[in-house]
Amino acid sequence: MAAIGLSHLSKRFDHTVKGEVYAVHDVSLNVAEGELLTLLGPSGCGKSTTLRMIAGFEEPDEGTITIGGSDVTRALPNQRGIGFVFQNYALFPHLTIFENVAYGLRVQGKAEADIARAVSEVLALVGLANYERQQPHQLSGGEQQRVALARAVVFRPRVLLFDEPLSNLDAKLRVEMREEIRSLQKRIGITTVYVTHDQEEAMAISDRIAVMDRGQAVQQGTAHDLYYRPVSEFVARFIGRANLVDGKVLSAGEVEIEGVRVALAAGRAAGQSVRLVIRPEMIEIAAAGGPGRIARRTFLGEKTDYVVELGGSRLQVAATDHYRRPAMDAGQAVSVRFHPEGIRVL
Ligand code: ADP
Ligand code: MG
């Protein structure tokens with residue numbers, strides 16, 4: 001049984017210019033017990049609206065939502081057993097860590113002894129057992145993140161929901177924080193739906209990712225599935241970097257790309273044209289008389305990125321073996337080899 005189930009979920013809003021538009025359109029997905037599923041997509045694709053419907057902050061126009069097998073489609077937010085972690089994890093700066101975590105329980109009028117027990121339990125769970133009397137400003141960003149999480153899980157929710165919790169942090173802190181969230185989520189083992197527009201963040205923290213485009217969940221899978229088997233150009237471009245090139249099928253086991261032959265079973269008849277997704281690391285170039293030409297080289301330390309012109313295509317190429325090869329400069333003629341493993345036929 002899925003811990004969270006969305007079935008044919010839709011939500012329309014009145015748009016001043018366009019009239020009624022679907023923010024979310026026929027979204028169906030399941031989240032397994034203990035799983036972290038990320039909704040990933042560009043701004044405006046319906047991620048927050050989907051999350052807010054799970055939380056009960058928005059009511060769907062169509063479809064159903066189950067949590068732990070019960071239909072909660074019309075239930076109030078506080079009846080759903082969810083914890084919601086907001087952007088910036090705004091803590092109360094003048095309250096101690098204990099009081100920050102206890103706040104919601106006090107509002108609910110819980111007994112003092114129960115509050116004390118619940119707060120120490122949850123602080124121990126997130127690795128902040130001796131932090132009760134500290135103030136937020138005495139904590140590192142990572143520790144503050146843990147307090148925010150403690151505040152959400154102190155109610156013992158069945159499900160945690162995160163809406164772009166890291167979007168206002170600088171790049172380095174984002175990486176630290178996402179690892180923090182990931183390890184805490186695993187440790188607690190709580191079913192989680194996480195929203196982000198950042199594909200790298202999604203790949204780093206998720207068990208599975210649902211890619212959204214204009215209100216629809218267009219593909220669901222592991223980061224590995226989405227990277228190697230995207231179902232569309234949209235997904236291919238959104239997850240990682242992609243070359244989208246046309247190839248011509250020569251035979252059952254061979255395709256030609258801009259005059260270069262590749263041993264690839266495209267599953268189409270000879271003479272047909274195929275659209276291919278080729279990741280930058282699947283292309284190898286070497287100093288030779290052509291047929292490619294380097295248009296740009298960018299040294300990035302652990303790899304060198306090249307832009308290579310080949311026929312009418314401009315290819316993004318990533319070389320990770322650059323430290324043991326002579327550098328190739330813009331203008332240099334190069335041979336081009338496509339590694340068929342991992343090339344995706346759309
Ligand atoms: P995301 O979180 O992926 O950026 P949202 O779910 O916030 O996207 O929004 C999806 C679409 O629905 C957008 O076009 C947005 O403008 C619209 N929308 C969201 N909330 C409202 C609202 N309360 N009223 C009108 N339109 C809304
Ligand atoms: Mg949003």
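A: The answer below treats the aromatic pairs and then the charges over rings. This is a predicted model, in which local features need pLDDT of at least 70 and side-chain atom pairs count only at pLDDT 80 or more, while totals for chains, interfaces and linings use all residues. Residues are numbered from 1 along each chain as its sequence is written, chains are lettered from A and ligands numbered from 1 in the order in which they are written, and side-chain values use heavy atoms, with hydrogens and water left out.

Five aromatic pairs are found in a search of the whole structure; rings of Phe, Tyr and Trp (its six-membered ring) pair if their centres lie within 6.5 Å, and planes under 30 degrees apart count as stacked, over 60 as edge-to-face and the rest as tilted. Phe 92 belongs to the loop between β6 and α2 (97-107), and Tyr 103, eleven residues apart from it, to helix α2; helices (H or I, at least four residues) and strands (E, at least two) are DSSP runs, numbered from the N terminus. Phe 92 is partly exposed at 28% relative accessible area, and Tyr 103 is partly exposed at 41% (buried means under 20%, exposed over 50%, partly exposed in between, with a 1.4 Å probe and protein chains only).

Phe 234 and Phe 238 are stacked, because their ring centres are 5.8 Å apart and their planes at 15°. Both residues lie in helix α8 (residues 233-238), about one turn apart.

The charged end of Arg 151 sits over the Phe 92 ring, 5.8 Å from its centre, and Arg 279 lies over the face of Tyr 227 at 4.1 Å from the ring centre; the criterion is NZ of Lys or CZ of Arg within 6 Å of the ring centre and within 35 degrees of the ring normal.
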